[in-house]
Amino acid sequence: MDKQIDGQLAFDFDQFAREEARDRLDEWSGAPLRFTQDYYPPAAIDEAFDHWVFINGHHGSHARSHMWHRMMWNAGAVEFGDHRGEMFSAELRPEHGQEGPGGLLEQMVCEPCQWHAIDEDENSVVEQWHDHAVPGWRELPVVPASVRVRDGSKMTKLALAWIRERYPEHMQVPGAPIITERQPYGTRHVAGYSPWNGYDLSHTALDCPARLSNGRAIRRDVPPFTPARTASDRDLPGAKSLTS
Ligand SMILES: [Zn+2]
């Protein structure tokens, strides 16, 4: 059997499996195969998106599915104590030539607590997770701009010494963040850039007060979203109620 025939058989099998999955969509009991604001654990989010891609194809899947997915640079988790924060994005921007109210949404999930926060601003969900998981982070010393923090892919000795000397010991633990003074156009919080694999948070985070009440996250209301329907939507269960 030559390679070409092998490839053909593999293709036919995938096609068969895809059609079967499509036929059995009403049996799907995982997270919705569409945009949702409800809480789902990270594994269920991943599984649902993978299933959508399996059925509908990878090309343009973020924009076509409007589902939560991981971005490559944000694929990991930040763990602090019993907390585990994982980041997802959902593409609600209208497709080319169509109108729509959506944007790019970010969600941070803390599975051990069944906690999540959704916002259009990635920095905001990162801050909300720290308010949820890392009490006292807002009192951490800000590394001044005069202390160079990074040299290429690693932290400078100067910054490490500055932080080790000034940060409280209980905050020099795995997953703990640092706060650094940034330039006006470099205020993104960066995962994995603290000496303990936590976030390097921009000092601008301290300009926004904590959005916490009784230890539970307050979600900013995201406007209801009704995407234009595509051929693939018609195959999906619940396509008629796209907001939940
Ligand atoms: Zn948590």
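Leaving aside neighbours within four places in sequence, Glu91 is in contact with His62, Ala63, His66, His69, Gly103 and Leu104, where contact means heavy atoms within 4.5 Å. The model is predicted: local features need pLDDT of at least 70 and side-chain atom pairs count only at pLDDT 80 or more, whereas totals for chains, interfaces and linings use all residues. Residues are numbered from 1 along each chain as its sequence is written, and side-chain values use heavy atoms, with hydrogens and water left out.

Glu91 lies in strand 2 (residues 83-91); strands (E, at least two residues) and helices (H or I, at least four) are DSSP runs numbered from the N terminus. The side chain of Glu91 also makes a polar contact with that of Arg93, at 2.7 Å. A polar contact is a pair of N or O atoms within 3.5 Å; within protein, one must be able to donate a hydrogen and the other to accept it, and residues adjacent in sequence count only if both atoms are side-chain atoms.

The table gives relative accessible areas. Buried means under 20%, exposed over 50%, and partly exposed in between (1.4 Å probe, protein chains only).

| Residue | Relative accessible area | Class |
|---|---|---|
| Glu91 | 12% | buried |
| His132 | 16% | buried |
| Cys113 | 33% | partly exposed |

The zinc ion is coordinated by His83 (ND1), Cys110 (SG), Cys113 (SG) and His132 (NE2), at 2.0 to 2.3 Å. Donors are N, O and S atoms within 2.8 Å of the metal (3.2 Å for Na, K and Ca); water is not among the atoms, so sites may look incomplete. The 4 donor atoms subtend angles of 99 to 124° at the zinc ion, which makes the arrangement tetrahedral, a label for four donors if all angles lie between 85 and 135 degrees. Along the chain, the donors of the zinc ion follow the spacing H-x26-C-x2-C-x18-H. Cys113 lies in the loop between strand 3 (104-110) and strand 4 (115-119), and His132 in helix 4 (residues 122-133), so this pair ties together parts 19 residues apart in sequence.

The 4 strands form an open antiparallel sheet in the order 1-2-3-4. Strand 1 (77-80) and strand 4 stand at its edges with a single partner strand each, so one side of each is left without a neighbour in the sheet. Strand 1 and strand 2 pair over 4 bridges, pairing being defined by at least two DSSP bridges. Phe80 stands opposite His83 in strand 2.

Notes: Four donors count as tetrahedral if all angles lie between 85 and 135 degrees; four count as square planar and six as octahedral if opposite donors are over 155 degrees apart and all others between 65 and 115; anything else is irregular.
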